[in-house]
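Hi,

Here is the structure I said I would pass on. Have a look at it first, and then read my notes below.

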Amino acid sequence: MSVTVFNGIAARLRAAGCVYAEEEARLLLSASGSPEELDSMTEKRAAGFPLEHVMGYAEFCGFRIEVDPHVFVPRRRTEFLVNEAAAITRTGDTVLDLCCGSGAVGAVLAKLKPGIRLYAADIDSKAVTCAIRNVREADGVVFEGDLYEPLPKNLRGSVNVLVVNAPYVPTNAMSSLPSEARIHEDRIALDGGLDGHDVQRRSVIGAGSWLAPGGFLLMETSSGQSAETLRIFQEQGFLSKVAFSPDLEATVVIGTKVKAGSARLS
Ligand SMILES: C[S@@+](CC[C@H](N)C(=O)[O-])C[C@H]1O[C@@H](n2cnc3c(N)ncnc32)[C@H](O)[C@@H]1O
């Protein structure tokens with residue numbers, strides 16, 4: 001591809017307000033199969049579509065995760081949830097990625113911890129379609145429905161690691177989200193209800209009966225909401241702690257349901 005074409009793409013992206021115009025131009029050039037496709041991808045990006053939706057994939061923990069239009073784009077901060085889960089997960093564990101979106105969290109966990117039995121679930125059919133592709137290599141199984149409702153009953157009491165990145169934006173903060181999220185990701189992926197904890201709360205309340213004895217629940221939250229997320233965990237009898245990554249500006253609450261005094265979270 002000529003320098004002139006590259007410069008033209010970068011100029012169109014820059015004019016549309018893309019901060020990393022050159023880098024994005026390079027990515028679009030590598031992802032497009034023809035000049036027509038390149039033109040259409042540039043047009044979409046200039047119109048404000050998230051780069052990941054234009055490209056059809058996101059880089060997450062160094063892996064390529066397919067992301068379909070409207071499906072939540074896995075965020076860099078969520079790599080902390082994956083890392084914290086990987087530190088706890090052992091070969092042969094049953095892992096459930098609840099509110100899985102593209103399936104990014106479970107798919108990468110399976111790459112880092114081969115040999116896990118991976119299940120995932122989401123209420124949105126577009127997310128489920130996308131997740132099925134991303135967890136295929138790990139032989140993951142994806143269910144569609146409200147939280148635990150679509151899961152097979154024989155999974156009850158057998159989940160060793162339950163990872164959840166539920167929507168946690170308070171409804172009245174939705175309007176201040178960047179337009180890429182507000183317009184191009186579905187509201188159900190972001191809106192956590194009045195205080196932002198609706199789906200988190202229901203996930204924690206339901207978790208106890210799906211976890212194996214000594215199993216772990218890990219949930220992404222924001223630093224400002226972590227005290228309330230922690231309180232919800234404790235209210236449901238979880239021995240819990242808040243983990244924070246300054247580098248990724250990421251917060252995860254981790255809990256385990258054991259008799260107090262018989263185990264510790266390090
Ligand atoms: C913040 S996104 C996270 C997606 C993915 N876990 C990730 O980190 O990239 C939240 C996801 O929760 C799903 N969701 C929202 N409410 C749900 C519910 N009641 N039951 C199951 N999934 C739900 C949305 O469809 C969306 O895919």
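**Around the ligand**

The ligand is surrounded by 18 residues, the closest being C99, D122, D146, L147 and N165 (a residue counts as near if one of its heavy atoms lies within 4 Å). Bear in mind that this is a predicted model, where local features need pLDDT of at least 70, side-chain atom pairs count only at pLDDT 80 or more, and totals for chains, interfaces and linings use all residues. Residues are numbered from 1 along each chain as its sequence is written, and side-chain values use heavy atoms, with hydrogens and water left out.

That shell splits into 10 nonpolar, 4 polar and 4 charged residues (Ala, Val, Leu, Ile, Met, Phe, Trp, Tyr, Cys and Pro count as nonpolar, Asp, Glu, Lys and Arg as charged, and the others, Gly among them, as polar).

A backbone N or O atom of C99 sits 2.8 Å from a ligand nitrogen, one of I123 is 3.2 Å from a ligand nitrogen, and a polar backbone atom of L147 lies 2.9 Å from a nitrogen of the ligand. On its own the ligand has 600 Å² of accessible area, and the protein covers 96% of that (Shrake-Rupley method, 1.4 Å probe).

**The sheet and its helices**

Next, the fold. An open, mixed sheet has 7 strands in the order β5-β4-β3-β6-β7-β9-β8. Strands are DSSP runs of E with at least two residues, helices are runs of H or I with at least four, and both are numbered from the N terminus; two strands pair if DSSP finds at least two bridges between them. β5 (141–144) and β8 (239–245) are at the edges with a single partner strand each, so one side of each has no neighbour in the sheet. From one strand to the next, the twist averages 20°.

β8 pairs with β9 (residues 250–256) in the antiparallel sense over 7 bridges, and S240 stands opposite G255 in β9.

Helix α5 (residues 79–88) lies across β6 (159–164), β7 (211–221), β8 and β9, at about 160° to β7. Helix α10 (residues 226–235) lies across β7, β8 and β9, at about 10° to β9. Axes are lines fitted to C-alpha atoms, for helices over the stretch in contact (heavy atoms within 4.5 Å), and angles run from 0 to 180 degrees between N-to-C directions.

**One residue to look at**

What does Y119 touch beyond its neighbours within four places in sequence? Y119, in strand β4 (residues 117–122), is in contact with T94, V95, L96, D97, V141, F143 and L155.

Definitions and conventions. A polar contact is a pair of N or O atoms within 3.5 Å; within protein, one must be able to donate a hydrogen and the other to accept it, and residues adjacent in sequence count only if both atoms are side-chain atoms.
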